[in-house]
Amino acid sequence: MSDERAYPSEVATEFPRPPREFEDAEGRPIEVRAWEGEHGPGDDAFESVVEMYVEFDPADRAQGVPPVGEDRIREWLANLFEQDGYDVLAWQGDEVAGHATLVPDDDSTYELAIFVHQEYQGAGIGTKLIEALLGHGQEHGAEYVWLTVERWNRPAVALYEKVGFETAAAESFEMEMAIRLN
Amino acid sequence: MKVLLGIGGADDSLDALHETVERAVETGDEVTVAVVENPDSDRAPEDLVDVARETLTDAGLEADVRRLSGDPGSSIVELAESEEFDQIVLGGGQRSPMGKIRLGNIAEFVLLNARVSVKLVR
């Protein structure tokens, strides 16, 4: 499957680096920050991320993630953070509104996923968050990024296209999109 | 129930083999294993035939293992129809680095084309 993926031949434009502060479409002050250092249970940011996923609307799940139930969520996040990728969080005060992650696939290639809590969707946070994640990865030398998305998930596909992702493979139930950062 | 398990060597297909055998021991299902060539798997079909025979025999079941040639998805569907199986069982997909489930190409083909029920094992 992955060997059939076609990356764009052109390198994407330079994305804004985190941190970014802005007001979302509802007038809420949002801060997007890279999440560096250790992420582990007990850590304030980790617990805030767990809280966001525990409240996450199951209807917004994609291909089985995030899992349902706090234990499974903790297990999934532990596995995610063990892999040493890049993570960016959108904060309103001390509440996590969204999380975007690049998980290493091999040395130069990363899988992307982004989750915005239902109370914060449709307010322009996803765009700022994904741009900041791509900027963060770009800054650290990440070269190729891919993702999968269910075909019917139009808002997600539109977001990925807006920031420069191109369709890489479309013969499966879910489609693959890819971008070249460096 | 007459069950046709298709395996191509990806990890999820081996999980499906173990689950199906365990269940057959409990329920008395009649299991046939169809070994197909999965281009996404490194395991050789000949080795899979041995693994399947051994797993069935160890569980005290009859070792009905077939090696199918040609397109993997359509050969499974064809066999299921020509020998009137009640159900096709397949691996339920592999996880991406970040944990998303991705169905294999064979499972996608079988789901869309089979006329009997298809079970995906998670």
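Modeller: Leu112(B) is exposed, at 63% relative accessible area (exposed means over 50%, buried under 20%, partly exposed in between, with a 1.4 Å probe and protein chains only). This is a predicted model, where local features need pLDDT of at least 70, side-chain atom pairs count only at pLDDT 80 or more, and totals for chains, interfaces and linings use all residues. Residues are numbered from 1 along each chain as written, chains are lettered from A and ligands numbered from 1 in written order, and side-chain values use heavy atoms, without hydrogens and water.

Leu112(B) lies in helix H4 (residues 105-113) of chain B (a DSSP run of H or I, at least four residues; strands are E, at least two). With Leu111(B) and Phe173(A), Leu112(B) forms a nonpolar surface patch of about 280 Å² of accessible area together (Shrake-Rupley, 1.4 Å probe; patch residues have over 30% relative accessible area and no salt bridge, with nonpolar side chains joined within 5 Å and like charges within 9 Å; a salt bridge is a Lys or Arg side-chain nitrogen within 4 Å of an Asp or Glu carboxyl oxygen).

A patch of negative charge holds Asp44(A), Glu51(A), Glu55(A), Asp94(A), Glu95(A) and Glu119(A). Helix H1 (residues 44-55) of chain A gives its largest share, three residues. Asp44(A), in H1 of chain A, is exposed because its relative accessibility is 64%.

The largest nonpolar core has 35 residues, and Leu112(A), Ile130(A), Leu134(A), Tyr160(A) and Phe165(A) have the most contacts inside it (buried nonpolar residues or Cys, joined through side-chain atoms within 4.5 Å). H3(A) supplies the largest share of this core, six residues.

Key. Lys and Arg count as positive and Asp and Glu as negative; His and the chain ends are not counted. The place of a charge is taken as NZ of Lys, CZ of Arg, CG of Asp or CD of Glu.
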